[in-house]
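Dear colleague,

I am passing on the structure below, and my notes on it follow directly after.

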Amino acid sequence: MDRQRNTVQRQIILDTLKKLRIHPSIDEIYAEIHKEHASISKTTIYRNLRQLAKAGEIRQVLLADGLERYDSRTEQHYHFTCKHCGGILDINIEYLEGINDKVQGMYGVQVDEHDVIFIGVCQDCKEGEKAPNEEA
């Protein structure tokens, strides 16, 4: 019976992640789930996110600030993070698999995958920026 409950909880977590589409943190996923399923604890969510990522059903995105985010898109792709608002978006350009072979050849290591995160200012923040002395 406990296995059934775990499956239901896991599906709720997966559905929530797909619904949010913002590369949410554990806290954001918990807040969304807690609205309708208050009995699901943050520990349960954390454990299931780890298991889903390990199983390849979701992707874990690790940012430079150490914050873990989660992505329902499982194919290899890149991300952009805004240094102003902290938002993350998918970058839909060709995944450069040749880099893995190049690094392996140069350093003699085994590369299974690579992750690139572009950092800058998103369009919304860029449009909202004011020029210096514009406030007066």
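Glu-113 is partly exposed in this predicted model, with a relative accessibility of 45%, and forms a salt bridge with Arg-59 in which the closest N and O atoms are 3.4 Å apart. Because Glu-113 lies in the loop between helix 4 (98-107) and strand 5 while Arg-59 belongs to strand 1, the pair ties together parts that are 54 residues apart in sequence.

Another salt bridge joins the side chains of Glu-28 and Arg-69, at 3.0 Å from N to O, and links helix 2 to strand 2 across 41 residues. Here Glu-28 is partly exposed at 32%, whereas Arg-69 is buried at 12%. Asp-27 forms a salt bridge with Lys-42, with the closest N and O atoms 2.6 Å apart, and this pair connects helix 2 (residues 26-34) with helix 3 (residues 42-54). The count comes to 8 salt bridges, and Lys-19, Glu-32 and Lys-35 are linked in a network of them.

Strand 1 pairs with strand 2 (residues 68-71) in the antiparallel sense over 4 bridges, and the two form a hairpin with 5 residues between them, where Gly-66 in the turn has a positive phi of about 90°.

Separately, 3 strands form an open sheet of mixed pairing in the order 4-3-5, with strand 4 (88-91) and strand 5 (117-120) as its edges.

Best regards

Terms used: Residues numbered from 1 in each chain as written. Predicted model: local features only at pLDDT ≥ 70, side-chain atom pairs only at ≥ 80, totals over all residues. Heavy atoms only, no water. Pairing = 2+ DSSP bridges. Salt bridge = Lys/Arg side-chain N within 4 Å of Asp/Glu carboxyl O. Buried < 20%, exposed > 50% of the residue type's maximum accessible area, 1.4 Å probe, protein only.
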